[in-house]
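Please look over the sequence and the structure below before reading on.

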Amino acid sequence: MSQQLTLNIESETSPEEIQDMILRTNEEEQDASPSVMPPPDIIAFNEQRSCADIFRMYQKGQIEISPDFQR
């Protein structure tokens, strides 16, 4: 895959500054790219539950409403 990078550079910009700009731009693009694979230590799945189901689960102690962390 070929990529093209366009930078607006002033004439007094040094080669080191240009290289730094390119590196920072590449890092920003990598950070902005969505991850294809989730981390291996996270398990997530979707479930459709009604409010009544969630309330029953809370009454039975099957879910915790105030955990130490929130998503």
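Accessible areas come from the Shrake-Rupley method with a 1.4 Å probe, and for residues only the protein chains shown count as cover. By this method the protein chain exposes about 7500 Å², with carbon and sulfur atoms supplying 51% of that area. This is a predicted model, in which local features need pLDDT of at least 70 and side-chain atom pairs count only at pLDDT 80 or more, while totals for chains, interfaces and linings use all residues. Residues are numbered from 1 along each chain as its sequence is written, and side-chain values use heavy atoms, with hydrogens and water left out.

A residue is called buried under 20% relative accessible area, exposed over 50%, and partly exposed in between (1.4 Å probe, protein chains only). Of the 71 residues in the protein chain, buried ones make up 4%.

Next comes the secondary structure. Helices (H or I, at least four residues) and strands (E, at least two) are DSSP runs, numbered from the N terminus. The protein chain has two helices and zero strands. Helix α1 covers residues 15-32, and helix α2 covers residues 51-59.

How many salt bridges are there? A salt bridge here is a side-chain nitrogen of Lys or Arg within 4 Å of a carboxyl oxygen of Asp or Glu. The count by this rule is three. One of them joins the side chains of Arg24 and Asp20, at 3.5 Å from N to O. Arg24 and Asp20 are four residues apart in helix α1, so about one helical turn separates them. Arg24 is partly exposed, because its relative accessibility is 42%; Asp20, at 38%, is also partly exposed.

Glu47 is partly exposed at 45% relative accessibility, as is Arg49 at 44%.

Arg49 also has a part in the surroundings of Ile54. Contact means heavy atoms within 4.5 Å. Ile54 is in helix α2, and apart from its neighbours within four places in sequence, Ile54 is in contact with Arg49 and Ile63. Is Ile54 buried or partly exposed? At 38% relative accessibility, Ile54 counts as partly exposed.

The surface patches come last. Patches are made of residues with over 30% relative accessible area and no salt bridge; like charges are joined within 9 Å, and nonpolar side chains (Val, Leu, Ile, Met, Phe, Trp, Tyr) within 5 Å. Phe55, Tyr58 and Ile65 form a nonpolar patch on the surface, and together they have about 330 Å² of accessible area. Phe55 belongs to helix α2 and is partly exposed, with a relative accessible area of 48%.

For charge, Lys and Arg count as positive and Asp and Glu as negative, while His and the chain ends are not counted. The place of a charge is taken as NZ of Lys, CZ of Arg, CG of Asp or CD of Glu. On the surface, Glu10, Glu12, Glu16 and Glu17 gather in a patch of negative charge. Glu12 lies in the segment before α1, and its relative accessible area of 60% makes Glu12 exposed.
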